[in-house]
Amino acid sequence: MTLISISPPAVANELSQRLQTLLLRETGQGLSSAAMNELLALTGHLVSGVGTPEVAQREVTVLLADLRGFTALTATQPAGVIIALLNRCLSVLSEVILRHGGTIDKFMGDSVMALFGAPEGRPDDVDRALVCAVEMQQAMERLNHEDQHLGLPELYMGIGINTGQVIAGRFGSAAYSQYTVIGDEVNLASRIESFSLRGQVLISEHTFERCQHLVEASGPMEVHVKGKSEPVRVREVVAIPSRGLRVPRTEGRRSHRVEVNLACVLHELQDKVVVPRALSATILDIGYHGLQLELDQPLTPFAELKLEFGLRLLDFLVSDVYAKVVKCRPHQGRWRAGLEFTAIGVDSSAQLQTFVQLLVARGG
């Protein structure tokens, strides 16, 4: 099996000693040999014979987290606010990942990819990934609570997790290289994340098989993913009872729902680009976090939509709401679809909550 040589052993050993000295001086505590190997692997200073991670196939649990509606938020908030929100959020999430022994593979704009099982593998990689995911969602809830008092917009995150065989190693060129993982299982983790709603943790069936002793999860749901001829089974993580952890999403979705009759215009999104063709629909009931509508044609489950509708009582036009189709079923010659919001503007959210509360007070 071929090993990639990055630098001479003497250089790696010297760097390792200097890093340990620096950490001891600043924190009073050094790194274990496994943690030091991981750090050196990420900085590209390991060599054959000094703990170099092989370019080889290994089982890894991939966690991919993405902020929902962040792109839309950039159009309504100043650049300084956006950068501060993103950096603060990624900083908190990074702390959670590292605390559970995950390796941050990369940041991709408003998303982060973490590995459990590379460069160093442990018997409890899957368990640590699941606990990490739930605590990441809890950290987002705390951040939103703080931001609410500061008058800042809320941020929500979807998480997808998959476990499987990947090719791990250092890839790139002489000018730039990076330790990472590649393969179909990495792509599947990304696809699963794309189906997750805000505040949700979705896992593959393979991951569930490895952690069903640990988690409380929903029944299997079948989704069609790009590159797969057969549907893929995913499950939603609800809680980790033995750790006293619960995904906040299950509580956050609760709000008043009121019956309405509101005209709505829909635009589908393809690769995050709004398709010009508009669809007309009627909103039948609505709440803080989603709605049910009726229209003449079916909507694809998990399709992303941009919505526009008016709140008559408040003379307010909601035009900055994004949603995903949760379900769609035929009803008396038409179609009824349940949608959950993935992003909504600060003003629109406030007006929608006022609208719902007014209707509740009036008895519908």
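Visitor: How many helices and strands does the chain have?
Guide: The chain has nine helices and 16 strands. Keep in mind that this is a predicted model. Of its 364 residues, 46% count as buried.

Visitor: What share of the contacts between residues at least 6 apart join residues at least 24 apart in sequence?
Guide: That share is 65%.

Visitor: What makes the aromatic pair edge-to-face?
Guide: A search of the whole structure finds one aromatic pair. The ring centres of Phe195 and Phe302 are 4.9 Å apart, and the cut-off for a pair is 6.5 Å. Their planes are at 75°, and over 60 counts as edge-to-face, so that is the name this pair gets.

Visitor: Which parts of the chain does that pair link?
Guide: Distant ones: Phe195 is in helix H6, residues 184–195, and Phe302 is in the loop between strand E13 (290–295) and strand E14 (304–311). The two are 107 residues apart. Both Phe195 and Phe302 are buried.

Visitor: What is the phi of Phe302?
Guide: Phi of Phe302 is near 75°, a positive value in a residue other than glycine. Most residues other than glycine have a negative phi.

Visitor: Which other residue has a positive phi although it is not a glycine?
Guide: Asp315 does, with a phi of about 50°. Asp315 lies in the loop between E14 and strand E15, residues 316–331.

Visitor: Why is Asp315 called exposed?
Guide: Its relative accessible area is 74%, and exposed means over 50%, so Asp315 qualifies.

Visitor: What about the backbone at Pro119, cis or trans?
Guide: The peptide bond from Ala118 to Pro119 is cis, with omega near 0°. Most peptide bonds are trans. Pro119 is found in the loop between strand E3 (111–116) and helix H5 (125–149).

Visitor: Why is H4 described as roughly antiparallel to H5?
Guide: The axes of helix H4, residues 79–99, and H5 come within 10 Å and cross at roughly 150°. Angles over 145 count as roughly antiparallel, so H4 is roughly antiparallel to H5. Their crossing is right-handed.

Visitor: Which residues meet between H4 and H5?
Guide: On the H4 side they include Leu85, Cys89, Val92 and Val96, and on the H5 side they include Cys132, Met136, Ala139 and Leu143.

Visitor: What lies over the face of Tyr156?
Guide: Arg198 does, at 4.2 Å from the ring centre. Likewise, Arg235 lies over the face of Phe208, at 4.0 Å from the ring centre.

Visitor: What makes Leu245 a buried residue?
Guide: Leu245 is in strand E10, residues 245–246. At 11% relative accessibility it is under the 20% limit, so Leu245 counts as buried. Not counting residues up to four places away in sequence, Leu245 touches Val131, Val134, Glu135, Gln138, Ala239 and Ile240.

Visitor: Why does Ser204 count as buried?
Guide: Ser204 has 3% relative accessibility, and buried means under 20%, so the label applies. Ser204 is in strand E6, residues 201–204. Beyond its neighbours within four places in sequence, Ser204 is in contact with Ile161, Asn162, Thr163, Ile192 and Arg233.

Visitor: How do you know that Phe309 is buried?
Guide: Its relative accessible area is 2%, which is under 20%, so Phe309 is buried. Phe309 is in strand E14. Its contacts, leaving aside neighbours within four places in sequence, include Leu262, Ile283, Leu291 and Val318. The C-alpha atoms of Phe309 and Val265 are separated by 6.6 Å, and the two residues are 44 apart along the chain.

How values were computed. Residues are numbered from 1 along each chain as its sequence is written. This is a predicted model: local features need pLDDT of at least 70, side-chain atom pairs count only at pLDDT 80 or more; totals for chains, interfaces and linings use all residues. Side-chain values use heavy atoms; hydrogens and water are left out. Rings of Phe, Tyr and Trp (its six-membered ring) pair if their centres lie within 6.5 Å; planes under 30 degrees apart count as stacked, over 60 as edge-to-face and the rest as tilted. Helices (H or I, at least four residues) and strands (E, at least two) are DSSP runs, numbered from the N terminus. Buried means under 20% relative accessible area, exposed over 50%, partly exposed in between (1.4 Å probe, protein chains only). A charge sits over a ring if NZ of Lys or CZ of Arg is within 6 Å of the ring centre and within 35 degrees of the ring normal. Axes are lines fitted to C-alpha atoms, for helices over the stretch in contact, and angles run from 0 to 180 degrees between N-to-C directions. Angles under 35 degrees count as roughly parallel, over 145 as roughly antiparallel, 65 to 115 as roughly perpendicular and the rest as oblique. A crossing is left-handed if the near helix is turned anticlockwise from the far one by less than a right angle, and right-handed if clockwise. Contact means heavy atoms within 4.5 Å.
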